[in-house]
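Here are a few notes to go with the structure, written as numbered points. Have it open while you read.

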Amino acid sequence: MIRVCVAGVTGWAARPVAEAVVAADDLRLVSGVARRAAGIPLAQVVRGADGGQVFGSVDEALRATPADVVVDYTSAAAVRVDVEAAVRAGVHVVVGSSGLTAEDFHQLDELARAGNVGVFAAGNFSVMAAVLARAARLAAGQLRHWEVVDYAGATKPDVPSGTARELAESLAEVGPPEPGVALDRLSGPIAARGADIAGTRVHSVRLPGYSVSTEIVFGGAGERLSLRHDAGASAEPYVAGTLLAVRRVGDEPGVRRGLGRLLFDD
């Protein structure tokens, strides 16, 4: 039985994940973390929860109740502190929050390996999003020009989204895209060309009416290929992938990124 603590347990994505943990035969929800709900029983925020409490921090939760895995669906402001607290306590971590940079993951990897702890992170735990990333890597092996467009609601503060950042950093493992006009030859603000994420130009659109969508556009002479994933209003697409990561995060020490690493053989 894998004992699970869910950070951000009252949130849009974390609550259904916590309910799925409760329903699973091989998992047990032992605690939750949510500052505004600290001190109340888990059953008041998670349907079907049997025992357990909500705490104000990951550190407090792990000191009070032993856990094997922390699932973090909090915010860009909190995720780094949460992951470090879990790793230092010798607890594996599944990260669904955005906001961590490549340098953050490098430092967390060193910390996790030193403690023989597994950290599994995905910008998006949707199977469809993982298929998009897989297809994009295949395309990048044959095509030389691409850019990423990241869409989200007007109130999303972190840019780009974790999905877009992870996609760009994954493509960097294939190779950088070939530039069009060099940045130092542009006429106008360089910011208009988007952010440079691991060599890929990423454009973040933040407007009312969007949930989270990620599009990668490949351009060639006389043709264009567009791959896009659109998320709906439900958190259901992220549940199965998150639980798969909970079950597999302890397989290897250190940081692993991208749901595709668990779905595809290579």
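How many aromatic pairs does the structure hold? Five, in what is a predicted model.

1. Start with Tyr151 and Tyr210. Their ring centres sit 5.2 Å apart and the ring planes are at 20 degrees; planes under 30 degrees apart count as stacked, so this pair is stacked.

2. Now look at where those two tyrosines come from. Tyr151 is in strand β7 (residues 146-152), while Tyr210 is in the loop between β9 (200-206) and β10 (212-220), so the pair ties together parts that are 59 residues apart in sequence.

3. Next, the helices. Two packed helices are described by the angle between their axes and the distance between the axes. For α1 (residues 14-23) and α7 (residues 239-248), the axes come within 10 Å and cross at roughly 60 degrees. That makes α1 oblique to α7, and the crossing is right-handed.

4. Which residues make that contact? From α1 you have Pro16, Val17, Ala20 and Val21, and from α7 there are Val239, Thr242 and Leu243. Sorted by type, the residues of the α1 contact with α7 come out as six nonpolar, one polar and no charged.

5. The other helix pair is α3 (residues 79-88) with α4 (residues 102-114). Here too the axes come within 10 Å, with a crossing angle of roughly 10 degrees. Angles under 35 degrees count as roughly parallel, and α3 and α4 are therefore roughly parallel to each other. α3 passes α4 in a right-handed crossing.

6. On the α3 side of this contact, look for Arg80, Val83, Glu84, Val87 and Arg88; they meet Asp104, Gln107, Leu108, Leu111 and Ala112 in α4.

7. Finally, the annotations, both from an unreviewed UniProt entry. The record gives "domain: Dihydrodipicolinate reductase N-terminal" for residues 2-125. In the model that span is 32% helix and 23% strand, and its end C-alpha atoms lie 19 Å apart.

8. For residues 127-255 the UniProt feature is "domain: Dihydrodipicolinate reductase C-terminal", again from an unreviewed entry. Over this stretch the chain is 27% helix and 28% strand, with the end C-alpha atoms 20 Å apart.

Technical notes
Residues numbered from 1 in each chain as written. Predicted model: local features only at pLDDT ≥ 70, side-chain atom pairs only at ≥ 80, totals over all residues. Heavy atoms only, no water. UniProt positions renumbered as here; feature names shortened; annotations may be inferred. Helix = DSSP H or I, 4+ residues; strand = E, 2+ residues; numbered from the N terminus. Axes fitted to C-alpha atoms, helices over the stretch in contact; angles between N-to-C directions. Parallel < 35°, antiparallel > 145°, perpendicular 65-115°, else oblique. Left-handed = near helix turned anticlockwise from the far one by under 90°. Contact = heavy atoms within 4.5 Å. Phe/Tyr/Trp six-rings, centres within 6.5 Å; stacked < 30°, edge-to-face > 60°. Nonpolar A, V, L, I, M, F, W, Y, C, P; charged D, E, K, R; others polar.
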